[in-house]
Amino acid sequence: MQRTEHPLLSPSLGVQKTLVSFGYGPEGASPKVYIQASLHAEELPGMLVAHHLRALLDQAEADGRLQGRVVLVPAANPIGLAQRLDHHAQGRFEFESSENFNRGYPDLAEAVWPAIQDRLGADASANVRAVREAVGHWLKAWQAPTELQSLRRQLLLLSHDADVVLDLHCDAEAVMHLYSEAACWPPLAPLAAWLGCQAVLLARESGGGPFDERLSGLWWRLAERLAEAPNPAPLPQGCASATVELRGEAEVRHDLAAQDALAIAHYLTHLGVLRAPTGQTSAEPPPLPCEPTPLAGSQTLRAPLPGLLVPTVRPGTRVTTGDVVAEVIDPTAPGASRVHPVKAGVDGVLYAAVKDRYVVAGGEIGKIAGATPFRTGDLLGF
């Protein structure tokens, strides 16, 4: 294992933040898996999963069972970790720019298209290597002008040549669920099964330039351009990426983190990154607890007016259209008008909910994974 410190651009005199990565297996080994946690810095379950996963990887390395390459970044956002306001962590948006730490990553397909459009030939594997090399050159040449951009650059440098990318997040209150691009499915299905995902949400692209989709979207975007070129060249989907939502913010527990780390280790063995312990065969994934649904079919429930939020069902509950999932109570209103039910608009699993119990008018309450697409445009929240 190699521990590496990556200095970020200093935003001010006397200030220097550092990103830390752990590399398992030789550089250049294949397959390569990149795993990071807490890009939204107040979302901490992934940090604890990384802690437990390090122990499993250390043991695998000591036993000689490491066959591929794993790069693990347990705390992917040192900028956000340092941000607190009135005693509360503020790790989703950068104070300086108000930008979401998981949006606004550069379009890598657009960036490298001029360099690769005339370089690729009939050998699909050689084409994958050429694209990764071009992305690496572009990232090394990128002069990031701010601390935030230097963080984005460093995360992409560590991950751009990975076959699989896992970005560990969590919601406020939630069950285990996973977001990915449709081009990455079904190779991620065994992971979702081992994790016990109760919702899998897929989109061609969700919008906003999130970290994981810039890495997987690189491949299908270039493949579409190459298919329309005068001399089409084959380009496989060189990266499967996913945002893994490790339940809710309060689920920072050793038992859950150890369980999730073991699930990821099973997936690494499935991919051939790890070899099963001597005398054991690779575990088979259990049945996937849910069917994937389109992210465009996910309904975000919102408060019809301000008031006290009283949930009536918990995340993980399957609801049908018209079911009451929460009440918003205005204790200052006269008579029976104090209580306002919030009803499901689609059939599906309530997979995430807010933790605050006071909501403003139009404020988010929860999300239901519906099976029928009805939304367009940017599909992610803020």
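I began with the second largest pocket, which has a volume of about 460 Å³. My model is a predicted one, where local features need pLDDT of at least 70, side-chain atom pairs count only at pLDDT 80 or more, and totals for chains, interfaces and linings use all residues. Residues are numbered from 1 along each chain as its sequence is written, and side-chain values use heavy atoms, with hydrogens and water left out.

For my own reference, a pocket is an open set of points on a 1 Å grid over the protein atoms alone, where a 1.4 Å probe fits, with protein on both sides within 12 Å along at least five of seven lines; lining residues have an atom within 4 Å of a point. Points are joined across faces, edges and corners, and the volume is the space filled by probe spheres set on them.

Of the 19 residues lining this second pocket, Glu27, Gly28, Lys32, Arg69 and Asp161 are the closest to its centre. Two or more lining residues come from each of β1, β2 (18–24), β4 (69–73) and α5 (147–159). I take elements as DSSP runs numbered from the N terminus: helices are H or I of at least four residues, strands E of at least two.

Next I turned to the largest pocket, with about 1400 Å³ of space. It has 49 lining residues, and Arg92, Asp171, Glu364, Lys367 and Phe382 are the closest to its centre.

Then I followed the strands, which pair if DSSP finds at least two bridges between them. Nine of them form an open sheet of mixed pairing, in the order β1-β2-β4-β3-β7-β11-β9-β10-β12. At the edges are β1 (2–7) and β12 (293–294), each pairing on one side only.

What does β11 (residues 240–248) look like inside that sheet? Nine of its nine residues are buried, that is, under 20% relative accessible area with a 1.4 Å probe and protein chains only. Seven bridges join β11 to β7 (residues 164–171) in parallel, with Leu168 opposite Val244. Four bridges join β11 to β9 (residues 177–181), antiparallel, and there His177 partners Glu245.

Last, I checked for disulfides, meaning cysteine sulfur atoms within 2.5 Å of each other, and the count is zero.

How values were computed:
Buried means under 20% relative accessible area, exposed over 50%, partly exposed in between (1.4 Å probe, protein chains only).
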